[in-house]
Amino acid sequence: MSDQTQRWTDQTTQPWAEQTVEVPPQRDGFQRGVASVGPRAPRTERSTESFPVAPHEETGTGWPIEDEPRERMPLAYHLRQLRKGSHWSTLGGLFAFVCWGVWAISARGDFTSPVVAFLLTLLVAVGLFALTRLLGRVVLERQLGRVRRSARGAHLVAGIFLAGVGVAYLRQTEWVVNAWNWIAGT
């Protein structure tokens with residue numbers, strides 16, 4: 001057992017500790033691991049005399065100026081852009097109109113105040129659509145630099161609002177609430 005231990009220690013001498021290369025004698029001022037750098041040449045300005053220089057002529061092309069306004073698109077483009085996604089607003093408006101009609105007929109009275117309430121609701125939906133478009137313009141176009149190609153997000157927000165208004169009209173109708181409670185079993 002001791003023979004095996006002895007042999008193992010003889011085999012594990014540290015090979016990295018052996019000197020493998022003779023080091024040349026060191027010169028004065030020489031430090032191992034530090035590169036010698038020659039004296040710095042005096043700094044001179046770049047000379048462009050060896051290259052012909054043409055005078056600058058303003059042609060109107062080149063790098064755009066940051067303050068330069070964007071090209072304005074025609075009105076038809078903007079209207080086409082507003083129509084994309086309008087099915088969401090139309091669907092929400094149709095649902096709100098049907099629910100409003102059920103509520104207004106169930107009230108059995110003068111239609112003046114329900115009509116004014118529905119017109120006010122539509123006005124709020126248009127304002128919400130405009131606010132969403134403005135917010136999209138500020139955030140997406142100005143801050144993030146993206147181009148909006150449709151009004152789907154604004155139409156979706158307005159459609160969800162109108163659907164919520166329709167549900168609110170139905171919740172004010174007594175026979176609809178009774179029917180819902182009967183179906184739900186409460």
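These legends accompany close-up views of a predicted model.

**View 1. Overall fold of the predicted model.**
The protein has six helices and zero strands. Read along the sequence, the pattern is α-α-α-α-α-α. Of its 186 residues, 17% count as buried. Among contacts with a separation of 6 or more, 73% join residues 24 or more positions apart.

**View 2. The largest nonpolar core, 10 residues in all.**
Its members are Ala96, Cys99, Trp100, Trp103, Ala104, Phe118, Ala125, Leu162, Val165 and Tyr169. H3 gives the largest share, five residues.

**View 3. Surroundings of Tyr169.**
Tyr169 belongs to the largest nonpolar core. Neighbours within four places in sequence are left aside here. The remaining contacts of Tyr169 are Ala96, Cys99, Trp100, Trp103, Ala117, Phe118 and Thr121. Of these partners, Ala96, Cys99, Trp100, Trp103 and Phe118 are also listed in the core.

**View 4. Helix H4 along its length.**
H4 has 32 residues. From first C-alpha to last, H4 reaches 45 Å, close to the 46 Å expected at 1.5 Å a residue. The buried residues of H4 are Pro114, Phe118, Thr121, Ala125, Phe129, Arg133, Gly136 and Glu141. An α-helix has 3.6 residues a turn, so residues three or four places apart point the same way. The cover over the buried residues of H4 includes helix H2 (75–83), H3 and H5. Two of the buried residues, Phe118 and Ala125, are listed in the largest nonpolar core. After H4 comes Gly145, with a positive phi near 75°.

**View 5. Packing of H3 against H4.**
Two packed helices are described by the angle between their axes and the distance between the axes. For H3 and H4, the axes come within 11 Å and cross at roughly 160°. Angles over 145 degrees count as roughly antiparallel, and H3 and H4 are therefore roughly antiparallel to each other. Their crossing is right-handed. H3 contributes Ala96, Phe97, Trp100, Trp103 and Ala104 to the contact. H4 contributes Pro114, Val115 and Phe118. Among these residues, Pro114 and Phe118 are buried residues of H4.

**View 6. Leu79 and Ser150.**
Leu79 lies in helix H2. Leu79 is partly exposed, with a relative accessible area of 40%. Leu79 and Ser150 are 71 residues apart along the chain. Their C-alpha atoms are separated by 9.9 Å. Helix H2, which holds Leu79, is also part of the cover over the buried residues of H4.

Technical notes
Residues numbered from 1 in each chain as written. Predicted model: local features only at pLDDT ≥ 70, side-chain atom pairs only at ≥ 80, totals over all residues. Heavy atoms only, no water. Core = buried A, V, L, I, M, F, W, Y, C linked by side-chain atoms within 4.5 Å. Buried < 20%, exposed > 50% of the residue type's maximum accessible area, 1.4 Å probe, protein only. Helix = DSSP H or I, 4+ residues; strand = E, 2+ residues; numbered from the N terminus. Contact = heavy atoms within 4.5 Å. Expected span 1.5 Å × (residues − 1). Axes fitted to C-alpha atoms, helices over the stretch in contact; angles between N-to-C directions. Parallel < 35°, antiparallel > 145°, perpendicular 65-115°, else oblique. Left-handed = near helix turned anticlockwise from the far one by under 90°.
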